Amino acid sequence: ELRAWRAPHKAPVAHATFDPTGTLVATCAADRAVHVFDVDRGYVTHALRGHGAPVGRVAFHPDAQRLLLFSAAADGAIIAW
């Protein structure tokens, strides 16, 4: 089954990743924002801002019991959300 989401970023999406359960997807972009989507319902659950530079990578903690998202920006900053 193919699904699509329209990310509310103001720049092209740089990276996207699923959480270990496959129920959430996180995206990041040069607009310095990170968004988390509910896969089944197709809406943004969290709009995360705090980076001072473009965000190029996002990763969920591999343990599904720990809902933790990491993002890395071009200035070397890493944020654990």
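With which side chain does the side chain of Ser71 make a polar contact at 2.7 Å? One such partner is the side chain of Trp81. The model is predicted, so local features need pLDDT of at least 70 and side-chain atom pairs count only at pLDDT 80 or more, while totals for chains, interfaces and linings use all residues. Residues are numbered from 1 along each chain as its sequence is written, and side-chain values use heavy atoms, with hydrogens and water left out.

**View 1. The open sheet S5-S6-S7.** Three strands form an open antiparallel sheet in this order; strands are DSSP runs (E, at least two residues) numbered from the N terminus, and two of them pair if DSSP finds at least two bridges between them. Strand S5 (55–60) and strand S7 (78–80) are the edges, each pairing on one side only. From one strand to the next the twist averages 15°, with axes fitted to C-alpha atoms and angles running from 0 to 180 degrees between N-to-C directions.

**View 2. Pairing of S6 with S7.** Strand S6 (residues 69–73) runs antiparallel to S7 and is joined to S7 by 3 bridges. Ala72 stands opposite Ile78 in S7.

View 3. Ser71 lies in strand S6 and is buried, with a relative accessible area of 1% (buried is under 20%, 1.4 Å probe, protein chains only). Residues touched by Ser71, leaving out those up to four places away in sequence, include Val34, Val55, Arg57 and Ile79 (contact: heavy atoms within 4.5 Å).

**View 4. Polar contacts of the Ser71 side chain.** The side chain of Ser71 makes a polar contact with the side chain of His51 (2.7 Å) and with that of Trp81 (2.7 Å). A polar contact is a pair of N or O atoms within 3.5 Å; within protein, one must be able to donate a hydrogen and the other to accept it, and residues adjacent in sequence count only if both atoms are side-chain atoms.

Notes: Helix = DSSP H or I, 4+ residues; strand = E, 2+ residues; numbered from the N terminus. Buried < 20%, exposed > 50% of the residue type's maximum accessible area, 1.4 Å probe, protein only.
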